[in-house]
Amino acid sequence: MSNYKIIDSRNIFIITLIVIPLTILSVWILGLVLDNSIFKNSLISTTILSLAFFLFISIGLYKGIKIKDNLGELEQENIFFQKNIAIDSDIPDVGEGIIGVIFSILLWLIVSIIASYLFWAFETILWITILNFIGILYWIFFRALRLVFKKSSVCKNNFSKSILYAFSFTILYNFWIYAIIFMTHHVF
């Protein structure tokens, strides 16, 4: 029998999908009340999430947690976006007679081409965003955490080593988020 506690990566992933948006939303709403800038709200959100990450991995290392990979099952069960969405809209009347019919057809073609292009662009951007987000979350919640918790054998029941490794991994895994925030703030 193993001395390590095993946690499903699926549970960690689902909890994180709930915690991250709630944290960011609460910080943004509080920031609107306090009249904070986007830069300040981003730093506050990232800092809160970094502290939660630090606490999670330090406690996990101290208790000797290992992660079981079962995210592949989660990816196959969910459908993120459905194609072939029907849109029901009425085109306004533009006139009577043959000129009205011709103008309606031309207007319908122009609006259809513009709407098709906008839907195509939106879908492309949405899919790229979703796929990047899934890739980042997969890497963080399976690959990165699995690498972190490989140190459980060294850190189990050792508070100082758990804190040291947790701090090191938190800096390593969250530094790039702060770098993006600071670069975006200074460039734009």
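**Close-up 1. A nonpolar patch on the surface.** Ile 98, Ile 99, Val 101, Ile 102, Ile 105, Leu 106, Trp 108 and Leu 109 make up a nonpolar surface patch, and together they have about 810 Å² of accessible area. Nonpolar side chains (Val, Leu, Ile, Met, Phe, Trp, Tyr) are joined into a patch within 5 Å, from residues with over 30% relative accessible area and no salt bridge; a salt bridge is a side-chain nitrogen of Lys or Arg within 4 Å of a carboxyl oxygen of Asp or Glu. Areas come from the Shrake-Rupley method with a 1.4 Å probe, and for residues only the protein chains shown count as cover. Look for Leu 109 in helix α4, where it is partly exposed at 38% relative accessibility. Here buried means under 20% relative accessible area, exposed over 50%, and partly exposed in between (1.4 Å probe, protein chains only).

A note before the next views: this is a predicted model, in which local features need pLDDT of at least 70 and side-chain atom pairs count only at pLDDT 80 or more, while totals for chains, interfaces and linings use all residues. Residues are numbered from 1 along each chain as its sequence is written, and side-chain values use heavy atoms, leaving out hydrogens and water.

Close-up 2. The structure holds seven aromatic pairs. In this one, the ring centres of Phe 56 and Phe 149 are 5.8 Å apart with planes at 90 degrees, so the pair is edge-to-face. Phe 56 belongs to helix α2 (residues 38–63) and Phe 149 to helix α4 (residues 97–149), so that distant parts of the chain, 93 residues apart, are linked. Rings of Phe, Tyr and Trp (its six-membered ring) pair if their centres lie within 6.5 Å; planes under 30 degrees apart are stacked, over 60 edge-to-face, and the rest tilted. Phe 56 is partly exposed at 31%, whereas Phe 149 is buried at 1% relative accessibility.

Close-up 3. Helices (H or I, at least four residues) and strands (E, at least two) are DSSP runs numbered from the N terminus. Phe 53, Tyr 165, Phe 169 and Tyr 173 form one aromatic cluster.

**Close-up 4. The surroundings of Thr 170****.** Thr 170 is in helix α6 and is buried at 8% relative accessibility. Leaving aside neighbours within four places in sequence, Thr 170 is in contact (heavy atoms within 4.5 Å) with Ser 50, Phe 53, Phe 54, Ile 57 and Phe 175.

Methods. Patch = residues over 30% accessible without salt bridge, like charges linked within 9 Å, V, L, I, M, F, W, Y side chains within 5 Å.
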